[in-house]
Structure formats: C-alpha cells, structure tokens
Amino acid sequence: MSWNYNRAHARISRSINEAPAITVERFREDYVVNLQRRNAMLGIADAAQPSIRDLQPGQAVLVDTVQIYVNVVNYHEMRLDQGRETPESHARALSFLHLHYAALDRASDGFGAQRVDFHGPRMHAVMLQAAGGDPVSRREVIEQALRFARRTIAISEAATRDIARASRPPVFRIGIDIGTCVAVDSGRADEREPLFIGGAANHAAKLAEGEESGIYVSDRVRALYGMGLKGSLAAERRSALDALELQLLSQGGFDAEGLAADIEDVRETIRGHRDATIGMDGFSFHFHRPPLRTIDYSALRPSNSIRMPLVSVFADLDGYTRYVDDATTSGNVHDPVRDLHVIRAELNAVLQEDFDGRKVRFIGDCIHGMIAVGDAAATDTSGSVERGVVCAGALRSSFEIVQELLPSSRRLGLAIGLDLGPTPVSRIGIRGDRSVRVASSQAALESELCQRLCTGRQTMIGERAYSEASYDTRALFDAARIATGLDYDSVLLGSTPAAAAAGEIAEPVADNRSHGAV
C-alpha cells in the first residue's frame with residue numbers, strides 16, 4: 001500500500017472528529033487537587049512528588065517548570081571505529097547508552113526530578129515549581145535542578161567507568177531554562193509519548209547542543225540571580241557557568257558524602273540486574289526482514305537487537321513552540337494541543353500504514369521513523385531510498401491536508417530530513433515501562449541534522465542516501481540536496497512545485513515499483 005489523497009483525507013477527517021476533548025488544567029490548582037481526590041477515593045497514598053508523565057490523551061496541564069537537558073557531547077565518537085560504523089562500535093555505543101539510561105533513571109529517583117524522555121545521548125528532565133513561583137522558590141528549584149544535573153553526571157561517570165569500563169569517559173553538556181510549559185501525552189497505555197511543549201523546553205534543549213562541555217543557563221535563570229545577561233541564545237550557548245557563577249547558583253551546597261552513597265547504591269542496583277550490566281559482548285544483532293512495520297519493540301533487548309541498513313526519517317513541526325507560547329499567553333491552549341494530536345496521528349499513519357515503516361518515537365513535536373525495502377537476506381538500499389523519498393513526499397502531502405481541514409495549523413511548517421545507513425535498533429535502560437526505544441546511528445544523526453537545516457517547506461536528503469538514489473530522484477533536489485515543496489505528487493511527476501514555478505521540469509520519474517518505492 002502507498003499514499004492516497006482520498007484515504008488520507010478521510011483518515012484525517014476521522015482523526016479530527018475523534019480527537020479527544022481537550023481539558024486544560026493548572027498543575028497545582030487543578031491537576032494535583034484532582035489527583036489527590038482520586039487517590040483518596042481509591043485509598044492510595046499521595047506521592048511526595050506528583051507525576052506529570054501519565055496524562056490522558058485529552059489532558060493538557062499548564063505547569064511552571066525548570067527544564068533540564070543532559071547531553072553526552074562525545075557520544076557519537078563512541079559510535080565509530082576509526083571513523084567507521086561497525087557492529088562492534090554500535091555494540092559499544094549501545095552498551096554505554098543502556099547503562100547511562102539506567103543510571104540516570106536511578107539518579108532521578110526520589111530527587112524531585114522527572115525524566116521526560118531520552119533521545120540518543122540526551123536526557124530531558126523537568127522539575128516542577130511551587131504554585132505562584134515567587135523568586136525565592138524559583139531559585140530553590142533551580143538550585144535543586146543544578147544539584148540533580150551534577151548528581152546525574154557523577155553517577156553516570158562512575159557507573160560507566162566502574163561497571164561498563166568505558167574506554168572513552170562521557171563528556172557532558174547541560175542546558176537549563178525556566179518557564180511555563182504545557183504537558184501532554186498522546187501515546188497509548190503501553191507506549192507513552194510524554195511531551196513538555198513551550199519556549200523553556202525548546203530553549204533548554206538548544207543550550208544543551210554543542211561540542212563544549214559545561215552547564216549553560218538561560219538569561220531567565222541569570223536574571224533571577226542578578227547575573228549579567230548574555231542577550232541572545234548564541235551568546236548563552238557560548239557561556240558556560242564559571243566557578244563563581246556555579247557557586248552562586250548552588251547556595252544549597254553539594255552533598256558529596258550523600259552523592260558517594262548514591263553512587264554506590266546505583267552500582268549495586270545495576271550490578272543486580274543482568275540486563276543492566278550487560279556489556280558490549282552481550283549485545284547480539286540480527287537482521288529484520290522488511291517491512292520494518294513488523295518490528296515488535298516489546299521483544300527487543302540487548303541480547304535480541306536489530307542491526308541493518310535502513311532509511312532514517314525525521315519530520316519536525318516548524319513554528320510549533322511559538323504557536324504554543326502564543327496560545328499560552330492568549331489562554332487558548334486547546335488548538336495547538338488538538339492540532340498536535342491530529343498531526344502526530346497522521347504522520348505516524350503515513351509512515352506505518354502507507355509505507356510499512358516503523359516509528360521509533362516522537363521527540364517533542366518531531367517524529368523519528370525508519371523505512372527499509374528488501375528480502376530475507378538483505379536490504380535493497382537503493383529501493384529503500386526511493387521509498388523513503390516517496391514517504392517524505394507523502395508526509396508533506398498529508399500535512400497539507402491537515403492544514404486544509406484545521407485552519408489553526410496553517411501557521412506551522414514541516415521540515416523533513418532523511419538518510420541511509422546501518423542502524424542498530426533495540427530497547428534499553430531499566431526494564432519495563434521505563435525502557436527506551438533506540439535507533440542510534442550515523443544515518444539517524446544525519447537525518448536529524450538534515451531536518452534541522454530545513455525550513456518548514458523543505459526536505460533534505462543525506463549524502464549517503466543521495467548517492468544511492470536514482471537519477472530522477474536526485475533531480476528533485478538542488479546542489480545542497482534540499483527540495484522545497486516536495487510533496488507526493490512532486491515525487492511521482494519528477495518535479496517540485498518550486499522547480500516547476502522556475503520552469504525546471506524534470507523528466508518523468510522512472511518506475512521504481514520493483515524497489516518498493518510506490
């Protein structure tokens with residue numbers, strides 16, 4: 001099956017009609033009060049720190065947060081052997097992530113931090129502010145967040161050094177911002193998709209990006225302490241906290257003795273779980289016969305992981321953070337939350353129902369998926385690229401239908417990136433509902449980078465995928481491997497709307513159906 005306008009239109013119409021009624025609540029005033037009432041009726045003791053992870057599809061919770069991103073900046077070096085990806089280098093990298101995820105989840109237990117998600121080497125966590133958030137209480141939460149960040153680093157370093165015997169010790173970069181965000185979850189009971197949307201989450205993530213280690217805070221955080229402001233995101237990203245600034249933001253001190261006990265506790269806990277102490281030799285890879293839609297994540301674990309050539313696809317909503325921030329200010333959070341439910345559902349349907357691909361996860365307002373064509377013996381790499389490009393066009397066409405039917409979403413764009421390469425796929429970290437899907441490779445890294453380089457109307461193909469594409473497919477992209485307005489019809493006709501407007505009509509696309517393109 002491939003993409004079809006009428007089927008997509010009907011599917012989106014149904015999704016809009018069936019979208020959950022959105023209930024917007026304030027965290028302390030509404031959500032916590034209702035949670036306490038429910039727990040009292042059920043005879044359940046209230047948790048010291050209410051969770052914000054398990055929301056129902058129709059819930060949207062406005063919550064004052066400290067947003068924390070902990071990023072391992074040298075992770076991608078771990079994935080390579082002399083510049084190449086090999087089964088051994090992938091096993092080594094996944095072994096590190098497996099232990100790193102477990103250690104950081106353990107580090108957050110009982111500390112007031114809530115892990116939102118892991119994405120490759122990056123952890124997203126939040127700490128919740130008190131209602132009203134006066135400057136003193138906000139500083140207390142920031143100080144706690146800083147202690148948490150330093151604690152996770154120390155625990156991860158100790159665990160990977162002493163248990164995994166990592167040859168390359170992890171180097172960390174942390175981004176911290178403060179502000180009101182909207183918490184939502186459009187996943188299912190067995191596949192949670194927690195998300196904090198808003199400027200603070202987006203800003204903290206950008207602060208954590210970069211090659212230099214250190215702790216980077218926003219001007220909003222600096223203003224609370226009377227520190228000099230940097231004036232721009234670019235300046236903030238160049239300005240790690242120095243020793244004096246770190247001391248100012250850590251007025252509550254850093255419990256070295258307690259940290260040592262925590263580290264030993266995590267060591268013993270991880271040693272006690274065979275799956276969490278598994279080393280590089282414990283990762284066993286197999287080839288998964290396409291289509292990837294048949295991957296059962298619940299069956300994956302370190303000793304039963306997939307590794308194969310595939311096309312990685314990232315599709316990100318452009319302008320969504322500003323949309324949410326504006327809606328939060330105006331008091332109309334319903335529209336962006338409803339639109340996200342509909343868009344997420346349709347992007348997932350295109351990937352999995354129309355093109356037999358497999359979603360890895362939603363990362364914020366972005367979907368990460370994978371596609372492969374082949375037989376029981378091997379991936380057809382050129383056929384996979386052709387199918388990936390057609391899927392990228394279909395994602396944009398479906399997104400345009402959403403915009404036809406949901407006028408509120410017309411301020412958004414969709415930036416798409418894709419690339420090809422050998423990719424391991426597994427489920428790692430603490431077992432159970434805290435385990436994490438992962439598809440980590442150079443192809444995943446490059447496809448995400450391609451997406452980030454695009455505007456809301458652009459699609460970019462990675463160098464490896466471009467080299468495997470047919471002449472007709474390469475003709476869809478410019479010299480920078482970017483196509484503007486690349487929708488489903490454009491791929492079939494062999495010309496993007498932008499190229500057609502400029503009079504650059506390509507020759508008809510070759511029939512690639514033998515490669516699974518359409």
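## Strands β10 and β11

In this predicted model, strand β10 (residues 358–363) and strand β11 run antiparallel and are joined by 5 bridges. Within that pairing, Arg 361 stands opposite His 368 in β11. The two strands form a hairpin with 2 residues between them, and Gly 364 takes a positive phi near 65° there.

Strand β11 (residues 366–371) also has a partner in strand β9 (residues 305–318): the two run antiparallel, with 6 bridges between them. Here Val 313 has Gly 369 of β11 as its bridge partner. How many residues of β11 are buried? The count is 6 of the 6, so the strand is largely enclosed by the rest of the structure.

## The β3–β4 hairpin

Another hairpin is worth a look on your screen. Strand β3 (residues 113–119) pairs with strand β4 (residues 122–128) in the antiparallel sense, over 6 bridges. The hairpin has 2 residues between its strands, and Gly 120 in the turn has a positive phi of about 55°. As for cover, 7 of the 7 residues of β3 are buried.

## Two serines

Ser 384 belongs to helix α14. With a relative accessible area of 0%, Ser 384 is buried. Its side chain reaches the backbone nitrogen of Val 373 at 2.8 Å. Leaving out residues up to four places away in sequence, Ser 384 touches Val 311, Ile 371, Ala 372, Val 373 and Thr 379.

Where does Ser 441 lie? This serine is in the loop between β13 (436–439) and α15 (442–452). Ser 441 counts as buried too, at 2% relative accessibility. A polar atom of the Ser 441 side chain lies 3.3 Å from the backbone nitrogen of Ala 443 and 3.2 Å from the backbone nitrogen of Ala 444. Beyond residues up to four places away in sequence, Ser 441 touches Arg 79, Glu 85, His 90, Pro 422, Thr 423 and Pro 424. Ser 441 and Arg 307 are 134 residues apart along the chain, and their C-alpha atoms are separated by 9.9 Å.

## Nonpolar cores

The largest nonpolar core has 55 residues, and Val 182, Phe 355, Val 389 and Leu 395 touch the most other members. Helix α14 (residues 381–405) gives this core its largest share, 10 residues. A second, separate core holds 42 residues, including Met 78, Tyr 101, Leu 249 and Val 438.

Which residues does Val 182 touch, not counting residues up to four places away in sequence? The list takes in Ala 60, Val 61 and Leu 62, then Leu 195, Phe 196 and Ile 197, and finally Val 324, Thr 328, Val 333 and Val 337.

## Aromatic pairs and a charge over a ring

There are 7 aromatic pairs in the structure. In one of them, the ring centres of Phe 27 and Tyr 31 are 5.6 Å apart and the planes meet at 25°, so the pair is stacked; planes under 30 degrees apart count as stacked. Both residues lie in helix α2 (residues 27–42), 4 residues apart, or about one turn of the helix. Phe 27 is buried at a relative accessible area of 2%, and Tyr 31 counts as buried at 9%. Tyr 320 and Tyr 323 give an edge-to-face pair instead, with 6.0 Å centre to centre and 85° between the planes. These two tyrosines sit 3 residues apart in helix α12 (residues 320–330), again about one helical turn. Tyr 320 counts as buried at 1% relative accessibility, and Tyr 323 does so at 6%.

Ring pairs also link Trp 3, Tyr 5 and Tyr 488 into a cluster. Finally, there is a charged group to inspect: Arg 173 lies over the face of Tyr 216, at 3.7 Å from the ring centre.

Conventions
Residues numbered from 1 in each chain as written. Predicted model: local features only at pLDDT ≥ 70, side-chain atom pairs only at ≥ 80, totals over all residues. Heavy atoms only, no water. Phe/Tyr/Trp six-rings, centres within 6.5 Å; stacked < 30°, edge-to-face > 60°. Buried < 20%, exposed > 50% of the residue type's maximum accessible area, 1.4 Å probe, protein only. Lys NZ or Arg CZ within 6 Å of the ring centre and 35° of its normal. Core = buried A, V, L, I, M, F, W, Y, C linked by side-chain atoms within 4.5 Å. Contact = heavy atoms within 4.5 Å. Pairing = 2+ DSSP bridges. Polar contact = N/O pair within 3.5 Å; in protein donor to acceptor, adjacent residues only side chain to side chain.
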